[in-house]
Amino acid sequence: MARITMRQAITDALREEMHRDETVFIMGEEIGVWGGTYAVTRGFYDEFGDKRVRDTPISEMAIGGAAAGAAMNGLRPVAEFMTINFALLALDAIVNHAAKLHYMFGAQMKVPVVYRAPGGSGRQLGATHSHTPDVIFAHFPSLKVVSPGTPYDAKGLLKSAIRSDDPVLFIEHATLYQVRDEVPDDEDYTVPIGVSDVKREGSDVTIVTYAQGLQVSLEAAERLSKEGIEVEVVDLRTLRPLDMGPAIESFKKTFKAVVVEEGHRSYGVGAEVVARLQEEAFDFLDAPIKRVAQLEVPLPYSRELEQMALINPDRVIEAVKEIL
Amino acid sequence: MDKEMLLDWYRQMVLIRRFEQRSSELYQQGKIGGFLHLYIGQEAIAVGAIAARQEGDHVITAYRDHGHALAVGSDVRRLMAELMGKATGVSKGKGGSMHLADVERRYWGGYAVVGGHLPLAAGIALAEQYKETDNAVLCFFGDGATNIGYFHESLNLSGVWKLPVLWICENNQYGMGTTIERASAVPRMVDKACAYGMEGKQVDGMNVIDVYEATQEALQKIRSGEGPQFLEMLTYRYEGHSMGDPLRYRTKDEVEKWREDDPIGILERHLLEEGLATKDELEEIDNAVEQLVEEAVTFAEESPLPEPEALFEDIYVEA
């Protein structure tokens, strides 16, 4: 085991898969000569050459569509959107094309493409650069949407995504790139898509979360523990297909839940999780299920204002205490 | 031109026209649902261009896609079954008129979001380049598609990466009911290609021989490493944009004028004048096509609907 950053974990997964399979290649804006705006693909251009490390023009619609087309015709492209905010330009290529073709053409074709998209807020980038639009993509059946919260999961899930025959949107939270954790170094492990995971055990309240929300929740859990409150933290890891099993199991033990997500509260992951919990475990409900999410504002630039709108451990602790 | 080849093109064009006429009737009888976009008037383009492809070349087009499916040689019965939403359809009844595909024949289908398939074509071509083959992609689209971002991003990408794509603009003069003059800053579609390093060429899209020769020449250029090419096929659709089009935007005189240059008529005259076929021979083809289409209609009508279980099948490759 080595302690590496999530950035390194993602880099390793990409490099290992490119060595393993000749049909895997990467494409996107500034991923080659520049080395990636978040430095995830630094050195790849020299290592693999311009055939497999393809700098593109600033053309999100073409990146989304051409990656899908290459996948239809036998390759395994990993296309990077510089940020998930720009992936909105490719929404049609991703959800209306990549994610529809297998079903719509009666399984005549498959589209094994991975779209990588760094996302997340809290970096003073203003309203257009700070979205967490994960649920927009997760709304559509037939697209897989993955968003890891730890280096271990990031590496294992990205490998699964690249090997998957289905289109996958892989959302990387930019503020998590520096998070360090244990990752097996020699082992060629994968983490399955569509399987949630209990990241911390506890008996008082269940927290359901993912991605950056996981780190916020784990910090809150640590502080609550010092006060004698033990929360169980369930990491969804994949938003679609959504595995509610561990969350429901945990809820049946704690009877109380808080959903923590970075995106806006309305129509969010929390809304979905709360609905599923009451549908499938209504008799276990002991208190209102709380949602900790981004306030309903376009994110402002000013640091103080921006932070007011975002989730943090204090807000999670407050929500837990409200329902104890 | 080889007589057998010309007679086959004649047969294909008559097949497309008859298929479309029957589809129109079946739509009016309520046996075909959704949207139905007829290819009548444009037959020479799909037939002539696809005839010029080599075995490994790919075909992809927009939602007016019946003609291309027939020209690649798809089973007429399964195409008709798809229009009727039957389990035996090429797309198992899940695609409909606008989404016919036949991947075994390297026909990637019809795409109903204008311009959406252009980057797919670029990607399919990229995969051929990556695999170091000499195969190309024939990507068909309408004049309306030249105004959407997809067009510009895809042509640019194909130019930058020298992708083996033949961009084939079927200019039928209207994007739905809007004339080119009202929608495009330049009236000649071919003038948009130069911005992406392609010379481009205008072709009489009503003349199947012209279409064939221009396509062959363009594919040759692609295979000899000259990069992507662009053809503008001048044509006209006789029917409305789709069924139920009130046709308020054009005159009957205009339609009649174009009908004088009917693609099937042009080839028929050529065959007769050059002594390559007799009226009887052509009539025999017409009758055979009539029978083929009727068989397809019977097959489609008698085919089962998809089973309820099909609703949840094929959402993912891996469940």
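How many of the residues of helix H4 (residues 76–83) of chain B are buried? Eight of eight, so to speak: the helix is mostly covered, where buried means that 20 or more other C-beta atoms, placed from the backbone, lie within 10 Å of a residue's own. Before going on, note that this is a predicted model, in which local features need pLDDT of at least 70, side-chain atom pairs count only at pLDDT 80 or more, and totals for chains, interfaces and linings use all residues. Residues are numbered from 1 along each chain as its sequence is written, while chains are lettered from A and ligands numbered from 1 in the order in which they are written.

Back to H4(B). Helices here are DSSP runs of H or I with at least four residues, and strands are runs of E with at least two, numbered from the N terminus. After H4(B) comes B:Gly85, with a positive phi near 70°.

Now look at where the chains meet. On chain A, 35 residues are in contact with 33 residues of chain B; contact means C-beta atoms, placed from the backbone, within 7 Å. Helices H3 (60–72), H5 (91–98) and H6 (101–104) of chain A each supply at least two residues of that side of chain A, and H3(A) gives the most, with ten. By class, this side has 16 nonpolar, 14 polar and five charged residues. Ala, Val, Leu, Ile, Met, Phe, Trp, Tyr, Cys and Pro count as nonpolar, Asp, Glu, Lys and Arg as charged, and the others, Gly among them, as polar.

H3(A) and H5(A) also meet each other: their axes come within 7 Å and cross at roughly 30°. That makes the two helices roughly parallel, a label for angles under 35 degrees. A:Met61, A:Gly64, A:Gly65 and A:Ala68 of H3(A) make the contact with A:Ala93, A:Ile94, A:His97 and A:Ala98 of H5(A).

Terms used
Contact = placed C-beta atoms within 7 Å. Buried ≥ 20, exposed ≤ 12 C-beta atoms within 10 Å, placed from the backbone. Axes fitted to C-alpha atoms, helices over the stretch in contact; angles between N-to-C directions. Parallel < 35°, antiparallel > 145°, perpendicular 65-115°, else oblique.
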